[in-house]
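Please read it beside the sequence and the model.

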Amino acid sequence: MQTSITKLLGIEYPVIQGGMAWVAECHLAAAVSEAGGLGLIGAASAPGDWVREQIREVKKHTNKPFGVNIMLMSPYADEVAQILVEEEVPVVTTGAGNPEKYIAVWKEAGIKIIPVIASVALAKRMERCGADAVVAEGCEAGGHIGENTTMCLVPQVADAVNIPVIAAGGIADGRGMAAAFMLGAQGMQLGTLFVVAKESIVHENYKKSILKAKDIDTKVTGRSTGHPVRAIRNQMTKEYLKKEQEGVSFEELELLTLGGLRKAVVEGDVKTGSVMSGQIAGLVKEELTCREIIQKLTSETDALIKGAGFYE
Amino acid sequence: MLEKVKEIVADSLGVEVDTITAESSFQKDLGADSLDLMDMVMALEDEYGVEIPTDDLGELVTVGDVVKYIDKIEK
């Protein structure tokens, strides 16, 4: 399934696994890349040494292209940005800010740069700065989100820039992927579906929370503080939303989620931890290998697009 | 220039022009988030044919700051 994204990245299928903090580590990333997609390591707020080790581990398990998602608000962002160059990482995606200051160095190192954006203005700015593609992520996604939905954001970004657009947020099967193509995307980034992959190291409780989630089971906390985060509803989101409504200070709200993702992913505390997940969790019903996920996604998409008989 | 900048700010942030003064803070008074600010910066760049590097965005707290900033780089 060749598109401008597969050509740009040298991969077989235009399927990218999101660079989720704590979840996107070397085993998952290597499995996705090995299956023909693009696996990402989520650098999140991890120190440089950890990221370097993860990169080397991925390389032990696959010779295929992979990437690192750098979280720009991380205290280690400068260090990680440099490590990507030293370790010759083929692709970088960026989140939580504007990567402008690193672009020249990465370009020189031949790294493909794909910022994750949530608005047309930022997409245009990233194109001007030399980005190779953008991930347009709608607020259906899990974790930190923007305001616009995938349905509305993707076509507007596709119209605004001349670089390829990767759709993210709300995709978990061939229908979503085919729809993203229709909206003007040439690649798709998926998070939630890969959280429950067999190769994913997240705690069994975390996987179960996603697998049993229904359509209405995610909540967005922190809208009022300007830091909206989507997670599966539990005791923590309930308490957070209640306190948020009472107008509790940002600092006190932060205490509720501090270390919450680690607690859920590593310790399996899905009651008071932060079980970040996209709205599409309701559609995710089985634990498959990354290869099975990608094969299923792409064959479903293929059948839909080739067969497309929508009118009666 | 203040009047033109006010118009662009009003348009980008979805606020009424007459509620904006040179002292208005984008975040505190006009309720802008980071997406709004980026939209505004791109609109200002288009209008004045300048490039505002991300590193400089931190100094642009109020509408007056923007006027001074553009005045400076235009010279």
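In which sense do E7(A) and strand E11 of chain A pair, and over how many bridges? Point 2 takes this up.

1. The model is predicted: local features require pLDDT of at least 70 and side-chain atom pairs count only at pLDDT 80 or more, whereas totals for chains, interfaces and linings use all residues. Residues are numbered from 1 along each chain as its sequence is written, while chains are lettered from A and ligands numbered from 1 in the order in which they are written.

2. E7(A) and strand E11 (residues 229-232) of chain A pair in the antiparallel sense, over two bridges. Pairing requires that DSSP find at least two bridges between the strands; helices (H or I, at least four residues) and strands (E, at least two) are DSSP runs, numbered from the N terminus. Within E11(A), Val229(A) is the bridge partner of His144(A).

3. These strands belong to an open, antiparallel sheet of three strands, in the order E7-E11-E10 (chain A). Its edges are strand E7 (143-144) and strand E10 (218-221) of chain A, each of which pairs on one side only. Helix H11 (residues 235-245) of chain A packs on the sheet and touches E10 and E11 of chain A, its direction making about 40° with that of E10(A). Contact here denotes C-beta atoms, placed from the backbone, within 7 Å; axes are lines fitted to C-alpha atoms, for helices over the stretch in contact, with angles from 0 to 180 degrees between N-to-C directions.

4. E3(A) pairs in the parallel sense with strand E2 (residues 39-44) of chain A over five bridges, and Gly39(A) stands opposite Phe66(A). E3(A) also pairs in the parallel sense with strand E4 (residues 91-95) of chain A over five bridges, where Val91(A) is the bridge partner of Gly67(A).

5. The domain assignment, automatic or from a database, gives domain 1 (4-201 + 286-306) and domain 2 (214-276) of chain A. Eight residues from domain 1 and 10 residues from domain 2 of chain A take part in the contact.

Definitions and conventions: Two residues are in contact if their C-beta atoms, placed from the backbone, lie within 7 Å.
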